[in-house]
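Work through the exercises below with the sequence and the coordinates at hand. Each task is followed by a solution in steps.

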Amino acid sequence: MNHRELVESGDVDLVHHSMAKRFEQFFELQFERLRLPALFFFSVLSIFFAFQAIQLKPEASFQKMVPSSHPFIQKFLSYENELRPLGNVVRVVVESRKGEIYSAEFLNTLKQVTDEVFYIPGVSRGGMKSIWTPNVVWNEVTEEGFVAGQIIPPDFDGSAAAAEQVRTNVARAGIIGTLVANDHRSAVILAPLQEVDPETGEKLDYAKLAQRLEESVRDKYNSEDINIRIVGFAKIVGDLIEGMSAIGSFFAITFALTVLVLWLYSRCWRSTFATVFCCSLAVIWQLGIVHLLGLGLDPYSILVPFLTFAIGVSHAVQNISTMAVERVNGRSNIEAAKATFRVLFIPGSIALLCNAVGFSTLLVIDIGVIRELAISASIGVGVIIFTKMFLLPVLMSYMGVSPAGLTHFSKRMNGRYRWAHAVASVTDRRMAWVVVGVAAVVLGLGYSASRDLKIGDLDPGAPELRVDSRYNLDNAFVVDHYSTSSDVFVVMVTTPPGECGSYPVAAAVDQLQWHMENVPGVEATSSLFSAMKKVLAGQNGGDLRWESLTRNRYSSNAAHRLLPSELFNSDCSMVPVLMFLEDHKAETLTRVVEAVQQFAAAHSTESIRFELAAGNAGIEAATNSVIKASKPLMLGLEYAIVALLVLWEFKSWRVTVCIMVPLFITSVLCEGLMAMLGLGVKVATLPVIALGIGIGVDYGIYIYNKLEYYLEKGLALKEAYLETLKTTGAAVALTGVMLALGVATWIFSEIKFQADMGLLLTFMFLWNMFGAVVMIPALASLLIGDRGRCSSKVYLKQGSAQVTGA
């Protein structure tokens with residue numbers, strides 16, 4: 001029925017109720033005239049966006065991976081220069097494979113490695129530490145007073161006596177367990193990093209830094225005698241960027257599997273090519289727009305093109321099916337393409353809009369990489385609306401469906417559909433109650449398991465990487481052979497300028513250290529006053545009874561002048577207190593934060609304040625806090641907005657309940673699965689829950705859209721759902737498979753969080769599909785029955801909508 005026939009029938013007033021419907025009618029009427037201009041428009045834009053896309057480069061930023069507006073992070077950034085050696089630091093461990101480090105060969109190699117690291121761009125050279133650097137000294141008390149010197153003196157000649165003197169100096173410096181291993185078989189080079197190069201103003205390129213560390217340090221100096229190990233945030237990011245190189249092969253596998261499944265479904269190379277071409281263009285457009293917006297590809301957003309491609313293909317399955325059935329029913333290519341557009345434009349657009357909502361709710365999480373992921377994914381969904389809704393019907397109007405494809409769909413339409421009869425039985429009220437009861441039990445089990453879900457990391461080392469990764473093996477070595485952990489939590493004690501060394505401050509910090517050393521998970525603490533006690537004892541003949549705090553300001557000032565400036569800031573208004581933790585697991589960080597906050601509440605005064613937090617563990621604690629606070633808000637917004645969109649589409653709260661309940665059950669089951677697999681809610685896994693909800697609603701929209709059409713034709717619910725299964729049901733099942741295939745390849749990624757995301761999304765996509773096919777009709781049977789409803793969606797009443805396959 002065309003627009004003129006609608007006017008003559010008096011139904012055109014219903015059409016004008018919807019702007020979307022008016023646009024749909026305009027495009028359909030102008031379809032033939034607009035085909036060539038549309039192809040030209042898409043061609044020009046595709047070339048432009050392709051040029052932009054090829055300029056995208058993998059990148060990562062320390063500040064984008066932390067919640068920059070959190071009080072912990074803001075306080076850390078206010079003292080960033082002073083705290084740089086305690087935050088973003090690379091540790092290069094040089095290990096002797098043949099014995100202790102006190103040999104000329106090893107020490108010379110260590111010097112070469114130290115020099116190599118010193119000249120790597122991005123390293124804060126003034127803060128570098130090694131037993132070769134002049135800022136690491138030994139000191140002792142003699143009859144003549146304090147004596148100090150470099151660990152390895154400038155006149156070191158490599159003799160056995162000189163090497164033995166180094167051993168003595170190491171012991172006198174008190175660096176065993178920090179810069180020298182407890183077993184004396186390795187030494188550490190500490191290299192603080194600068195986020196911005198002060199000379200060029202350019203941001204630190206983590207990919208180049210990691211590559212330089214590998215090529216200039218590990219590859220160059222690894223040998224039969226020497227083993228190089230590298231740990232630190234920058235190395236984690238570098239390994240993540242390196243792991244991104246395998247993404248191309250995963251995409252190629254996904255692409256090949258998608259082509260195969262589409263062809264098996266349609267048996268038509270024309271439809272398969274048109275679909276894959278349009279969805280590939282969507283990926284190119286997305287990457288081009290991302291570059292135009294000044295965003296990049298970090299280890300998290302690199303996965304978004306997979307989602308864009310998978311979402312596009314899954315929606316295009318509906319186009320393939322509808323187009324083929326229209327052709328089987330005798331329509332020409334152009335008329336079939338117009339009918340496909342008419343049937344799918346509004347429900348498809350609503351479904352994609354729900355996808356975009358699922359992504360955009362991630363914007364409430366104040367972490368740069370998550371927000372960029374949300375923006376990138378929303379852009380991907382937006383371009384799918386153009387390529388799938390407009391370009392694909394135009395291409396199909398030219399290419400049509402092959403004779404083999406028409407034969408295949410004709411046989412399918414006349415098939416017995418025994419599986420559809422079996423599934424349609426869930427609309428019987430008795431069976432519907434059984435389905436709902438089973439769903440309630442599953443929901444209860446999922447909720448019970450989800451109560452064990454934790455916020456943050458649950459494993460030691462770098463949870464972003466696999467347990468047996470090179471980085472985690474290196475990190476395990478450091479933990480086993482050094483006394484100070486790589487997980488450092490820093491509390492900043494602030495005072496009026498010039499007062500950081502006064503006795504009241506010293507007493508308060510000393511109490512804090514004693515208090516925290518008794519908290520489970522804290523291995524040791526260190527501060528200005530830990531070192532000051534030793535200096536005071538040294539000033540009194542080395543008598544250990546003097547190794548305590550002093551109320552004498554002259555004595556404390558004299559001791560203060562002998563201590564490294566990194567133990568306090570330039571105007572003596574802040575003292576960092578370092579706490580070395582067993583690990584950075586969520587439970588450990590929670591205990592430490594609560595203990596410090598309790599102490600601060602009891603001991604803070606106007607002149608002495610305990611501020612949280614810095615160090616890698618402090619930053620992770622802030623990240624966990626933001627995720628914990630954002631998760632309920634994000635899920636609440638997503639459910640509310642998706643529910644409103646579904647309500648706007650179907651004008652019925654009963655239908656909204658039918659579609660939303662399976663989504664809720666799936667998200668609860670996902671959280672239960674995460675708890676069972678030992679996965680915490682963190683930067684990598686939180687987006688999965690949002691993505692699963694936003695994308696999963698597609699199934700319900702497509703299924704109920706067709707079910708409603710048959711109900712309005714007067715069919716009973718069971719017969720209506722049987723026809724729905726014969727048509728949209730098969731396409732929805734394939735949609736679930738296509739989405740799952742698009743992300744399942746991630747499971748084999750070397751990057752663990754990508755593997756975790758792939759596993760969880762595969763589960764959510766398949767379970768959402770199952771829930772939509774089984775639960776929606778069961779709930780409809782109990783809430784709606786055979787009543788159907790009076791609908792204003794004229795497009796469902798048009799003759800072209802009377803398809804037997806979609």
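**Exercise 1: a helix and its cover**

Helix α9 (residues 206–221) consists of 16 residues and reaches 21 Å from its first C-alpha to its last, close to the 22 Å expected at 1.5 Å a residue. The model is a predicted one.

Task: find where α9 bends, and state which of its residues are buried and what covers them.

Solution. 
- Step 1. The bend in α9 is at Glu-214 and amounts to about 30°.
- Step 2. The buried residues of α9 are Tyr-206, Leu-209, Ala-210, Leu-213, Glu-214, Ser-216, Val-217, Arg-218 and Tyr-221.

**Exercise 2: a histidine in a loop**

Task: locate His-584, decide whether His-584 is buried or exposed, and list its contacts.

Solution. 
- Step 1. The loop between β8 (574–581) and α23 (586–603) holds His-584.
- Step 2. The relative accessibility of His-584 is 7%, so the residue counts as buried, the cut-off being under 20%.
- Step 3. Leaving out residues up to four places away in sequence, His-584 touches Asp-457, Asp-459, Pro-460, Gly-461, Pro-463, Asp-487, Leu-589 and Glu-620.
- Step 4. With Asp-487, the His-584 side chain forms a side-chain polar contact of 2.9 Å.

**Exercise 3: two packed helices**

Task: describe how α20 (503–517) packs against α23.

Solution. 
- Step 1. Two quantities describe a pair of packed helices: the angle between the axes and the distance between them.
- Step 2. For α20 and α23 the angle is about 150° and the axes are 11 Å apart.
- Step 3. The crossing of α20 past α23 is right-handed.
- Step 4. On the α20 side, Ala-508, Gln-511, Leu-512, His-515 and Met-516 take part; they meet Val-592, Ala-595, Val-596, Phe-599 and His-603 of α23.

**Exercise 4: backbone exceptions**

Task: which peptide bond is cis, and what are the phi values of Arg-267 and Lys-651?

Solution. 
- Step 1. Most peptide bonds are trans, and most residues other than glycine have a negative phi.
- Step 2. The bond from Leu-612 to Ala-613 is cis, with omega near -10°. Ala-613 belongs to strand β9 (residues 609–614).
- Step 3. Arg-267, not a glycine, has a positive phi of about 50°. Arg-267 sits in the loop between α11 (247–266) and α12 (269–292) and, with a relative accessible area of 35%, is partly exposed.
- Step 4. Lys-651, also not a glycine, has a positive phi of about 55°. Its place is the loop between α24 (615–650) and α25 (653–677). At 54% relative accessibility Lys-651 counts as exposed, because the cut-off is over 50%.

**Exercise 5: the whole chain**

Task: how many helices and strands does the protein chain have, and what share of its residues is buried?

Solution. 
- Step 1. The protein chain has 28 helices and 9 strands.
- Step 2. Of its 806 residues, 58% are buried.
- Step 3. Along the principal axes, the C-alpha atoms fill a box of roughly 110 × 50 × 40 Å.
- Step 4. Among contacts between residues at least 6 apart in sequence, 81% join residues at least 24 apart.

Key: Residues are numbered from 1 along each chain as its sequence is written. This is a predicted model: local features need pLDDT of at least 70, side-chain atom pairs count only at pLDDT 80 or more; totals for chains, interfaces and linings use all residues. Side-chain values use heavy atoms; hydrogens and water are left out. Helices (H or I, at least four residues) and strands (E, at least two) are DSSP runs, numbered from the N terminus. Buried means under 20% relative accessible area, exposed over 50%, partly exposed in between (1.4 Å probe, protein chains only). A polar contact is a pair of N or O atoms within 3.5 Å; within protein, one must be able to donate a hydrogen and the other to accept it, and residues adjacent in sequence count only if both atoms are side-chain atoms. Contact means heavy atoms within 4.5 Å. The expected span of a helix is 1.5 Å times one less than its number of residues. The bend at a residue is the angle between axes fitted to the seven residues ending there and the seven starting there. Axes are lines fitted to C-alpha atoms, for helices over the stretch in contact, and angles run from 0 to 180 degrees between N-to-C directions. A crossing is left-handed if the near helix is turned anticlockwise from the far one by less than a right angle, and right-handed if clockwise.
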